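Here are my notes for you on this model, written as numbered points. Keep the structure open while you read, and click on each residue as it comes up.

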Amino acid sequence: MERHECRPEDVRQHSDDVLSRSVRSLACVAAVFLILLMGMHTHRRAHVWTSEQVLWAEAVSVNPEKPRPWVNLGRQYALDGADRLAREAYEHARHLAHAGGRPKAERLYGEAYAGANLAIALMKAGDVEAARRVITHTRHVTMQDTGAIPEVVQRTYTWIAQQHASASF
């Protein structure tokens, strides 16, 4: 049996060129995979943008303990004519605004915007006394919490007072 000797020049080694082509190919495959994965995720989430009501309902499902999505969902319900649902969303936002540990900005937003919108919704429903109670309470709470009355609350308070005064005559 003949013995074959290996000389260094006979051994084929991967050149840097072959290795860099392999890395580039792997990077391309990974990029294509990521693009496909992200495209599927985008397609799956596209339904959220079909309407503002769907968008805010999704925001509520993602952050059910935050008042802002509830206020915005309530506003969209009001714009869509679902007045009862709007009032319920505003009431829930006000409740969440006063949950323990809530940052001051969230408390203020929740109370001011939910309270003002709830008062307007109650006026629309013809319940002037309930609207006055809500906006008066909102005015008091925001003043106590911040030392000032937010413009949205003051404007709503003034509007309800004017409506009530004109209804009295």
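1. Let's start with a term. A nonpolar core is a set of buried Ala, Val, Leu, Ile, Met, Phe, Trp, Tyr and Cys residues joined through side-chain atoms within 4.5 Å. Buried here means under 20% relative accessible area, exposed means over 50%, and partly exposed is in between (1.4 Å probe, protein chains only). The largest core of this kind has 25 residues, and the members that touch the most others are Trp70, Ala119, Leu122, Ala131, Ile135 and Ile160. The elements that each give two or more residues to this core are helix H3 (67-79), helix H4 (83-97), helix H5 (104-124), helix H6 (128-146) and helix H7 (151-168). H5 supplies the largest share, nine residues. As background, nonpolar side chains tend to be buried together in soluble globular proteins.

2. Some ground rules before going on. This is a predicted model, where local features need pLDDT of at least 70 and side-chain atom pairs count only at pLDDT 80 or more, while totals for chains, interfaces and linings use all residues. Residues are numbered from 1 along each chain as its sequence is written, and side-chain values use heavy atoms, leaving out hydrogens and water.

3. Now the overall layout. The protein has seven helices and zero strands, so defined because helices (H or I, at least four residues) and strands (E, at least two) are DSSP runs, numbered from the N terminus. Of the 169 residues, 27% are buried. The protein exposes about 11,900 Å², with carbon and sulfur atoms supplying 59% of that; such areas come from the Shrake-Rupley method with a 1.4 Å probe, and for residues only the protein chains shown count as cover. Take contacts (heavy atoms within 4.5 Å) between residues at least 6 apart in sequence: 50% of them join residues at least 24 apart.

4. Pick out Leu122, one of the core residues named above. What does Leu122 contact, once its neighbours within four places in sequence are left aside? Its partners are Arg87, Asp127, Ala130, Ala131 and Val134.

5. H3 is worth a look. Pro67, Pro69, Trp70, Val71, Asn72, Leu73, Gly74, Gln76 and Tyr77 are buried in H3, and their cover includes helix H2 (52-62), H4 and H5. After H3 comes Gly81, with a positive phi near 85°.

6. Next, salt bridges (a side-chain nitrogen of Lys or Arg within 4 Å of a carboxyl oxygen of Asp or Glu). By this rule the count is eight. In one of them, Glu106 pairs with Lys66, with the closest N and O atoms 2.9 Å apart. Glu106 lies in helix H5 and Lys66 in the loop between H2 and H3, so this pair ties together parts 40 residues apart in sequence. Lys66 is partly exposed, at 30% relative accessibility.

7. Lys66 and Glu106 also belong to a salt-bridge network with Arg102. Is Arg102 buried or exposed? With a relative accessible area of 12%, Arg102 is buried. It sits in the loop between H4 and H5. Arg102 and Lys66 are 36 residues apart in sequence, yet their C-alpha atoms are 8.8 Å apart in space. Leaving aside neighbours within four places, Arg102 contacts Glu65, Lys66, Pro67, Leu96, Ala97 and Arg107.

8. Lys124 and Asp83 meet at 3.2 Å, N to O. Lys124 lies in helix H5 and Asp83 in helix H4, so the pair ties together parts 41 residues apart in sequence. Lys124 is exposed at 57%, whereas Asp83 is partly exposed at 26%. Arg155 and Glu151 form a salt bridge at 3.5 Å, N to O. These two are four residues apart in helix H7, about one helical turn, and both Arg155 and Glu151 are exposed.
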